[in-house]
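Subject: Structure for you to look at

Hello,

Here is the structure I promised to pass on. Please open it alongside this email, as the notes refer to it throughout.

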Amino acid sequence: MSNQYLNNPLHGLKLDVLVTTVVEHYGFKILAAATNINCFKQNPSIESSIKFLKKTEWARIKLEDFYLYQYCALPKPRLSEFDIPPRERIIPEHQKVAAPIELTVDELIEQRQQREHNYQQKRQNKSPRAKSTSSRPESGKQQPAADPWAHYKKS
């Protein structure tokens with residue numbers, strides 16, 4: 001990695017140190033509520049979490065995002081940067097690590113419910129697909145489908 005990544009708090013940070021640091025500050029309950037990763041929900045331990053996160057890239061990316069934007073309290077990245085993994089994001093030099101954001105389980109659950117509610121609203125507000133015009137008559141009864149094999153059948 002070049003010098004442009006040196007301002008990234010994840011630069012040179014091993015996964016076991018990252019997990020230990022975040023668990024010591026927040027605990028497994030808040031991590032489970034914030035990330036929705038099962039290794040923090042069911043029988044959590046640092047060792048089992050590290051083992052799972054080493055195998056599962058999406059979960060590791062989710063935890064690294066949490067570390068950058070909750071624990072290090074950096075400003076959220078621009079939309080164009082969300083496609084870049086957190087370890088490869090270039091953090092501008094004027095952005096400095098701040099004190100970790102204090103979180104509660106209730107607050108995180110409320111945020112998740114609000115996001116789900118907003119998502120449902122967006123889905124309901126989408127315009128339905130245009131209905132295809134049909135040559136069927138507009139009467140309430142459906143006409144039986146014509147038998148495509150009728151001309152092959154013996155009368």
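Below is what was found, from the whole chain down to single residues.

This is a predicted model, in which local features need pLDDT of at least 70 and side-chain atom pairs count only at pLDDT 80 or more, while totals for chains, interfaces and linings use all residues. Residues are numbered from 1 along each chain as its sequence is written, and side-chain values use heavy atoms, with hydrogens and water left out.

Overall make-up

The protein chain has five helices and zero strands, so the order of elements from the N terminus is α-α-α-α-α. Helices (H or I, at least four residues) and strands (E, at least two) are DSSP runs, numbered from the N terminus. Of the 155 residues, 29% count as buried; buried means under 20% relative accessible area, exposed over 50%, and partly exposed in between (1.4 Å probe, protein chains only). The accessible surface of the chain is about 12000 Å², and 51% of that belongs to carbon and sulfur atoms. Accessible areas come from the Shrake-Rupley method with a 1.4 Å probe, and for residues only the protein chains shown count as cover. Among contacts (heavy atoms within 4.5 Å) with a separation of 6 or more, 65% are between residues 24 or more positions apart.

The nonpolar core

In soluble globular proteins, nonpolar side chains tend to be buried together. A nonpolar core here is a set of buried Ala, Val, Leu, Ile, Met, Phe, Trp, Tyr and Cys residues joined through side-chain atoms within 4.5 Å. The largest one has 30 residues, and V19, F40 and Y67 have the most contacts inside it. Helices α1 (15-26), α2 (28-35), α3 and α4 each give two or more residues to this core. The largest share, seven residues, comes from α4.

V19 is in contact with I46, S49, I50, L53 and L63, leaving aside its neighbours within four places in sequence. Y67 lies in helix α4 and is buried, at 9% relative accessibility. Not counting residues up to four places away in sequence, Y67 touches P9, L10, L13, L18, V22 and C72. Y67 and T21 are 46 residues apart in sequence, with 9.3 Å between their C-alpha atoms.

Q70 is also in helix α4 and counts as buried at 17% relative accessibility. With residues up to four places away again not counted, Q70 touches Y26, D65, K76, P100, I101 and L103.

Helix packing

How do α3 and α4 cross? The axes of α3 (residues 46-55) and α4 (residues 57-71) come within 5 Å and cross at roughly 115 degrees, which makes α3 roughly perpendicular to α4. Axes are lines fitted to C-alpha atoms, for helices over the stretch in contact, and angles run from 0 to 180 degrees between N-to-C directions. Angles under 35 degrees count as roughly parallel, over 145 as roughly antiparallel, 65 to 115 as roughly perpendicular and the rest as oblique. F52, L53, K54 and K55 of α3 meet E57, W58, A59, R60 and L63 of α4. These residues divide into five nonpolar, no polar and four charged. Ala, Val, Leu, Ile, Met, Phe, Trp, Tyr, Cys and Pro count as nonpolar, Asp, Glu, Lys and Arg as charged, and the others, Gly among them, as polar.

K54, in helix α3, is exposed, with a relative accessible area of 59%. Leaving aside neighbours within four places in sequence, K54 is in contact with L15 and R60. The C-alpha atoms of K54 and L15 are separated by 8.0 Å, although the two are 39 residues apart along the chain.

The axes of α2 and α5 (residues 105-125) are 9 Å apart, at an angle of about 10 degrees, and the two helices are therefore roughly parallel. K29, I30, A32, A33, A34 and T35 of α2 and V105, L108 and R112 of α5 make the contact. Six of these residues are nonpolar, one is polar and two are charged.

Loop between α2 and α3

N36 is in this loop and has a positive phi of about 60 degrees although it is not a glycine. N36 is partly exposed, with a relative accessible area of 35%. N43 is found in the loop too, with a positive phi near 45 degrees. N43 is exposed, at 75% relative accessible area.

Regards
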